[in-house]
There are 2 protein chains.
Amino acid sequence: MSLFLAHGFEAVTLDAIAAAADISRRTFFHYFDSKEDILLAWESEAETAFFVAIADEPEGRTPLETVRDGLSKVVCRYETDQAMGIDRLLRSTEGLRARKQGNYERKEQALFAHLIARWPNPERRRDLRLTAMLAIGALRLAAEEWSADGGQRPLIAYLNETFAGLGSGPHAGFGVNKPEDGITPGGNKT
Amino acid sequence: MSLFLAHGFEAVTLDAIAAAADISRRTFFHYFDSKEDILLAWESEAETAFFVAIADEPEGRTPLETVRDGLSKVVCRYETDQAMGIDRLLRSTEGLRARKQGNYERKEQALFAHLIARWPNPERRRDLRLTAMLAIGALRLAAEEWSADGGQRPLIAYLNETFAGLGSGPHAGFGVNKPEDGITPGGNKT
DNA sequence: GAAGTTATATGCACTTAGTGCAATATTGCA
DNA sequence: TGCAATATTGCACTAAGTGCATATAACTTC
């Protein structure tokens, strides 16, 4: 990690990593499947904590509320300096950016599976799939904004705002005619 | 593409591709940045059509409605046999799955930029970011379900259902107490 | 049509990620 | 100590991707 932070992800070869870790190049691949996995493995530790948290959430709430509250209790884990450094590296190359998004999708699928186990009613299946998308999407947007702001305010603040926006925002009244509410559209096309 | 469909993505080497295309291996890299780009470049053609479509949408509707209607008019482009084959290939390796998700994120950002240009009111910025996330998320879920069903029903049917679910679904009444509405949670974890 | 100029195609050598296999070192245990 | 399981290593190999110099095609201008 310190090598990556110092010289960038691509500039550090596997030979350098192996040398710094005092292992052979070949042994490295017994611990990680790829160079990219070094960054990705880091993140997956917080994932189990997340699922434990939502499992511990009380019943009697909607799935999205449950996930939101569970998320709120674990997001602080992402707020370390390490996490910010990793996040910066994950945005440094196209392959890593893609891997990061792929990880979000994995999380989404895993969350969906958890939600189905907790609310097994088949009629709700589609709602739960949407819930998983919304929750992970909200987490992703919150982390994005937090990172863009340089982490000045705590991550949980962004998360709360994002979820609040989900409740009162763009699709509250979706399907209902609520045209523009006084805001002049300023498109430049046509 | 036919080589990939016949033997799988990883089994086809660049030498084979270059030979089949009657060009040298080196020349290949003047047309594509990587082997993966062959699959990804395909998809980007439909992307411009999408943005033209939402630009042509009439004013006076909410951003999410505008994007939904624009999307409805171009999703049929994804419904070719080619697209289904590509989609299958994109799920065949971890790297490609990640690249696909990364592409969705790129689309989301591009859509966000379009929405900002059309509704430049700064107060709406966060809503527009959410709108972009919801719209691309809905597209992603619709395509996922369509693909899982083997493309029996038309893609637009899944898209309509997904957007309808967004309006009446998991977060309609988010924040309002609407506990379980008679559905017994059947979690297996405590 | 010849000369020159630009863009495209190619060959070659090279770096690096990643894998398979067999050999070696290390650890744990009876 | 002896043995078995596991971890580590070296080596040879494949394949992706890059830099550079060169050749070939295409296009312009006189």
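In this predicted model, helix α8 (residues 125-148) of chain B and helix α9 (residues 155-168) of chain B have axes that come within 8 Å and cross at roughly 135°. Because angles over 145 degrees would count as roughly antiparallel and 65 to 115 as roughly perpendicular, α8(B) and α9(B) are oblique to each other. The crossing in which α8(B) passes α9(B) is right-handed. On the side of α8(B), the contact is formed by L134(B), A135(B), A138(B), L139(B), L141(B), A142(B), A143(B), E145(B) and W146(B). From α9(B), the residues taking part are L155(B), Y158(B), L159(B), T162(B), F163(B) and L166(B). By class, the contact of α8(B) with α9(B) has 13 nonpolar residues, one polar residue and one charged residue.

**Helix α7 against helix α8 in chain B**

Helix α8(B) also packs against helix α7 (residues 94-118) of chain B, at an angle of about 140° and with the axes 9 Å apart. The two helices, α7(B) and α8(B), are therefore oblique to each other, and their crossing is right-handed. Helix α7(B) brings Q101(B), Y104(B), K107(B), E108(B), Q109(B), L111(B), F112(B), L115(B) and I116(B) to this contact. Helix α8(B) answers with R125(B), L128(B), R129(B), T131(B), A132(B), M133(B), A135(B), I136(B), L139(B), R140(B) and A143(B). The residues of the contact of α7(B) with α8(B) comprise 12 nonpolar, three polar and five charged.

**Helix α4 against helix α5 in chain A**

In chain A, the axes of helix α4 (residues 37-56) and helix α5 (residues 63-72) come within 8 Å and cross at roughly 130°. That angle makes α4(A) oblique to α5(A). Helix α4(A) passes α5(A) in a right-handed crossing. The contact joins F50(A), A53(A) and I54(A) of α4(A) to T66(A), V67(A), G70(A) and L71(A) of α5(A). Five of the residues in the contact of α4(A) with α5(A) are nonpolar and two are polar, and no charged residue takes part.

**The surface around DNA strand D**

Of the atoms of DNA strand D that come within 4 Å of the protein, 53% belong to sugar and phosphate. Helix α3(A) supplies the largest share, four residues. The surface near DNA strand D is made up of five nonpolar, five polar and five charged residues.

**The surface around DNA strand C**

DNA strand C likewise has 15 residues around it, and those that come nearest are R25(A), R26(A), K35(A), T27(B) and Y31(B). Of the atoms of DNA strand C within 4 Å of the protein, 50% belong to sugar or phosphate, and the rest belong to bases. At least two residues of this surface are supplied by each of α3 of chain A and α3 of chain B. The largest share, four residues, comes from α3(B). The surface near DNA strand C has five nonpolar, five polar and five charged residues.

| DNA strand | Protein atom | Distance to a phosphate oxygen |
|---|---|---|
| DNA strand D | T27(A), side-chain N or O atom | 2.7 Å |
| DNA strand C | S24(B), backbone N or O atom | 3.0 Å |
| DNA strand C | T27(B), polar side-chain atom | 2.7 Å |
| DNA strand C | Y31(B), side-chain N or O atom | 2.7 Å |

Technical notes: Residues numbered from 1 in each chain as written. Chains lettered and ligands numbered in written order. Predicted model: local features only at pLDDT ≥ 70, side-chain atom pairs only at ≥ 80, totals over all residues. Heavy atoms only, no water. Axes fitted to C-alpha atoms, helices over the stretch in contact; angles between N-to-C directions. Parallel < 35°, antiparallel > 145°, perpendicular 65-115°, else oblique. Left-handed = near helix turned anticlockwise from the far one by under 90°. Contact = heavy atoms within 4.5 Å. Nonpolar A, V, L, I, M, F, W, Y, C, P; charged D, E, K, R; others polar. Near = heavy atom within 4 Å. Polar contact = N/O pair within 3.5 Å; in protein donor to acceptor, adjacent residues only side chain to side chain.
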